[in-house]
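Work through the exercises below with the sequence and the model side by side. Try each task before reading its solution.

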Amino acid sequence: MTGTVYTGAYYNGIVLSNATLQNPATIAASGYIGNTGTSHNGDAIFGAVGTAWTVVNEGTIVSNGTIGLSYGVDLRSGGAVVNEATGSITGQAGGI
């Protein structure tokens, strides 16, 4: 697996849909993943059905604060989330 490392700021969330390129998904310490819109219920990271995703977070993940059902990380087919000491995951309904 190749995976992707996210280092910048993403304000419209990230959809994990390509297992070959995005699994595992790593958010670097300098990374910020948020969702200021309503796509995918405001989830910051949305893992599409069909893959057990792995997310390694060293940065900041924040879901949309105005949508009550939003999660920081929502993996529809499960998987694993590793939140490193420098990482933060928050959401209205839950972090994960």
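The model is predicted, so local features need pLDDT of at least 70 and side-chain atom pairs count only at pLDDT 80 or more, while totals for chains, interfaces and linings use all residues. Residues are numbered from 1 along each chain as its sequence is written, and side-chain values use heavy atoms, with hydrogens and water left out.

**Exercise 1. An open sheet**

Solution. 
- Step 1. Strands are DSSP runs of E with at least two residues, and helices are runs of H or I with at least four, both numbered from the N terminus. Two strands pair if DSSP finds at least two bridges between them.
- Step 2. The order is S3-S6-S9, with parallel pairing.
- Step 3. S3 is joined to S6 (residues 45-47) by three bridges. Ile14 has Ile45 in S6 as its bridge partner.

**Exercise 2. Strand S7**

Task: Determine which strands pair with S7 and whether S7 is enclosed or open.

Solution. 
- Step 1. S4 runs parallel to S7, and three bridges join them. Here Ile27 has Asn57 in S7 as its bridge partner.
- Step 2. S7 also pairs with S10 (residues 79-83) in the parallel sense, over five bridges. In this pairing Trp53 stands opposite Gly79.
- Step 3. A residue is buried under 20% relative accessible area, exposed over 50% and partly exposed in between (1.4 Å probe, protein chains only).
- Step 4. Four of the five residues of S7 are buried, so the strand is largely enclosed by the rest of the structure.

**Exercise 3. Aromatic pairs**

Task: Locate the two aromatic pairs of the structure and classify them.

Solution. 
- Step 1. Rings of Phe, Tyr and Trp (its six-membered ring) pair if their centres lie within 6.5 Å; planes under 30 degrees apart count as stacked, over 60 as edge-to-face and the rest as tilted.
- Step 2. The ring centres of Tyr6 and Tyr10 are 5.4 Å apart and the planes stand at 85°, so this pair is edge-to-face. Tyr6 is buried at 8% relative accessibility, whereas Tyr10 is partly exposed at 32%.
- Step 3. The pair of Tyr11 and Tyr32 is tilted, with 5.6 Å centre to centre and 40° between the planes.
- Step 4. Tyr11 lies in the loop between S2 (9-10) and S3, and Tyr32 in S5 (residues 32-34), so the pair ties together parts 21 residues apart in sequence.

**Exercise 4. A salt bridge**

Task: Identify the residues of the one salt bridge that a search of the whole structure finds.

Solution. 
- Step 1. A salt bridge needs a side-chain nitrogen of Lys or Arg within 4 Å of a carboxyl oxygen of Asp or Glu.
- Step 2. Arg76 is partly exposed at 47%, but Asp74 is buried at 12%.
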